[in-house]
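Start with a crossing, then step back to the whole chain, and finish with single residues.

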Amino acid sequence: MNRIEREKLVVRQMIAIYCHRHHAHNDNILCDDCLDLLNYAHRRLDYCPKGNGKSSCRKCEIHCYSTANREKIRAVMKYVGPRMIFIHPWCAIRHLITEFC
């Protein structure tokens with residue numbers, strides 16, 4: 001699994017957790033807003049100019065998210081980030097290692 005695929009997996013997991021906890025939807029079904037955000041994030045990753053050599057989006061000097069979507073994804077990450085270690089520990093640990101190395 002390459003870097004882009006891993007980031008897509010993590011963002012999908014994070015948005016699913018956020019949607020389930022904030023919008024009271026089934027684990028497997030996202031609300032329309034969260035599905036739109038997920039599709040947007042995946043498109044941004046597909047067209048990332050840095051490709052698999054990218055750093056985390058937070059460290060990147062190129063901000064390819066629109067302002068509105070950047071705020072939405074920040075809210076998701078702010079809520080889910082601290083909880084990931086308990087929900088998806090391997091993904092959280094791998095993300096932390098790649099974030100700080």
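The axes of helix H1 (residues 3–23) and helix H3 (residues 67–80) come within 9 Å and cross at roughly 80°. Axes here are lines fitted to C-alpha atoms, for helices over the stretch in contact, and angles run from 0 to 180 degrees between N-to-C directions. H1 is therefore roughly perpendicular to H3. The angle classes are these: under 35 degrees is roughly parallel, over 145 roughly antiparallel, 65 to 115 roughly perpendicular, and the rest oblique.

The model is predicted: local features need pLDDT of at least 70 and side-chain atom pairs count only at pLDDT 80 or more, while totals for chains, interfaces and linings use all residues. Residues are numbered from 1 along each chain as its sequence is written, and side-chain values use heavy atoms, with hydrogens and water left out.

Which residues in H1 and H3 meet? From H1 come Val11, Met14, Ile15, Ile17, Tyr18, Arg21 and His22. From H3 come Ile73, Ala75, Val76, Met77, Tyr79 and Val80. Contact means heavy atoms within 4.5 Å. By class, the H1–H3 contact has eleven nonpolar, one polar and one charged residues. Nonpolar covers Ala, Val, Leu, Ile, Met, Phe, Trp, Tyr, Cys and Pro; charged covers Asp, Glu, Lys and Arg; the others, Gly among them, are polar.

Now the whole chain. The protein chain has five helices and zero strands. Read from the N terminus, its elements run α-α-α-α-α. The radius of gyration is 13 Å, close to the 13 Å that the globule rule gives for 101 residues, so the protein chain is as compact as a globular protein of that length. That radius is taken over C-alpha atoms, and the rule is 2.2 Å times the number of residues to the power 0.38. Helices (H or I, at least four residues) and strands (E, at least two) are DSSP runs, numbered from the N terminus.

Along its principal axes, the C-alpha trace spans about 35 × 30 × 20 Å. Of the protein chain's contacts with a separation of 6 or more, 68% join residues 24 or more positions apart. The protein chain exposes about 6600 Å², and carbon and sulfur atoms supply 56% of that area. Accessible areas come from the Shrake-Rupley method with a 1.4 Å probe; for residues, only the protein chains shown count as cover. Buried residues make up 34% of the 101. Buried means under 20% relative accessible area, exposed over 50%, partly exposed in between (1.4 Å probe, protein chains only).

Beyond four places in sequence, isoleucine 17 contacts Val80, Met84, Ile87 and His88. Isoleucine 17 and proline 89 lie 72 residues apart in sequence and 14 Å apart in space, C-alpha to C-alpha. Glutamine 13 also belongs to H1. Is glutamine 13 buried or exposed? Glutamine 13 is buried, with a relative accessible area of 13%. Not counting residues up to four places away, glutamine 13 touches Met84, His88 and Cys91.

Helix H2 (residues 32–46) holds alanine 41. Alanine 41 counts as buried, at 0% relative accessibility. Past the four-place limit in sequence, alanine 41 touches Val11 and Tyr65. Aspartate 36 is partly exposed, with a relative accessible area of 48%. Aspartate 36 and alanine 16 are 20 residues apart in sequence and 12 Å apart in space, C-alpha to C-alpha.
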